Amino acid sequence: RHPYTRALLRSIPGREGGAPGGRLAGLEGAVPDAAGPPPGCRFHPRCPDRFDPCDRDEPASRPAGPGHRVACHLDDAASAGGDR
């Protein structure tokens, strides 16, 4: 459910939402540094849907279905019925 994860999946040839036989979707920005992650959401430098709190506040991880968790401010806003 995280927009960065969806973007990664779109970059795989033959995946649903990807570009089979065509040009792959690319991601802007630099790969996050695992040893020194940025403040806020560690994926915000490359996330296509980042918005105001992403670069300063780390999102809380919460259940997102059986066996899945999500940590995304956008998901939090949607769950609360708010706009980003």
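Q: Where does Ser-11 sit?
A: Ser-11 lies in the loop between α1 and β1. Helices here are DSSP runs of H or I with at least four residues, strands are E runs of at least two, and both are numbered from the N terminus.

Q: Before we go on, what kind of model is it?
A: It is a predicted model, where local features need pLDDT of at least 70 and side-chain atom pairs count only at pLDDT 80 or more, while totals for chains, interfaces and linings use all residues. Residues are numbered from 1 along each chain as its sequence is written, and side-chain values use heavy atoms, with hydrogens and water left out.

Q: Thanks. Why does Ser-11 count as partly exposed?
A: Because its relative accessibility is 23%. Buried means under 20% relative accessible area, exposed means over 50%, and partly exposed is in between, using a 1.4 Å probe and protein chains only.

Q: How far is Ser-11 from Leu-27 in space?
A: From C-alpha to C-alpha, 8.3 Å, with the two residues 16 apart in sequence.

Q: Let's zoom out. How many helices and strands are there in the protein chain?
A: The chain has 2 helices and 2 strands, and along the sequence they follow the pattern α-β-β-α.

Q: And how much of the chain counts as buried?
A: 23% of its 84 residues.

Q: What about the accessible surface?
A: That comes to about 5700 Å², and carbon and sulfur atoms account for 52% of it. These areas come from the Shrake-Rupley method with a 1.4 Å probe, and for residues only the protein chains shown count as cover.

Q: Back to α1. Which residues are buried there?
A: Pro-3, Tyr-4 and Ala-7 are buried in α1. They lie on the same side of α1, because they cover an arc of only 100° around the axis. The arc is that of the directions from the helix axis to the C-beta atoms.

Q: What does Arg-46 touch?
A: Not counting residues up to four places away in sequence, Arg-46 touches Tyr-4, Leu-27, Glu-28, Gly-29, Ala-30, Val-31 and Pro-32. Contact means heavy atoms within 4.5 Å.

Q: Next up, cavities. How many of 30 Å³ or more does a search of the whole structure find?
A: The search finds 1, and about 60 Å³ of space lies in the largest cavity. On a 1 Å grid over the protein atoms alone, a cavity is a set of points where a 1.4 Å probe fits but cannot get out, and lining residues have an atom within 4 Å of a point. Grid points are joined across faces, edges and corners, and a volume is the space filled by probe spheres set on the points.

Q: What lines the largest cavity?
A: The lining includes His-2, Pro-3, Cys-41, His-44, Cys-47, Asp-49 and Cys-72. Its residues divide into 7 nonpolar, 3 polar and 2 charged. Ala, Val, Leu, Ile, Met, Phe, Trp, Tyr, Cys and Pro count as nonpolar, Asp, Glu, Lys and Arg as charged, and the others, Gly among them, as polar.

Q: Where is Asp-49 placed?
A: Asp-49 is in the loop between α1 (3-10) and β1 (62-63), and at 22% relative accessibility Asp-49 counts as partly exposed. The C-alpha atoms of Asp-49 and Ala-7 are separated by 9.8 Å, and these residues are 42 apart along the chain.

Q: Last one: what is Pro-39 in contact with?
A: Leaving aside neighbours within four places in sequence, Pro-39 is in contact with His-44, Cys-54 and Asp-55. Pro-39 is exposed, with a relative accessible area of 55%.

Methods: 1 Å grid on protein atoms, 1.4 Å probe; cavity = no way out; pocket = protein on both sides within 12 Å on 5 of 7 lines; lining within 4 Å.
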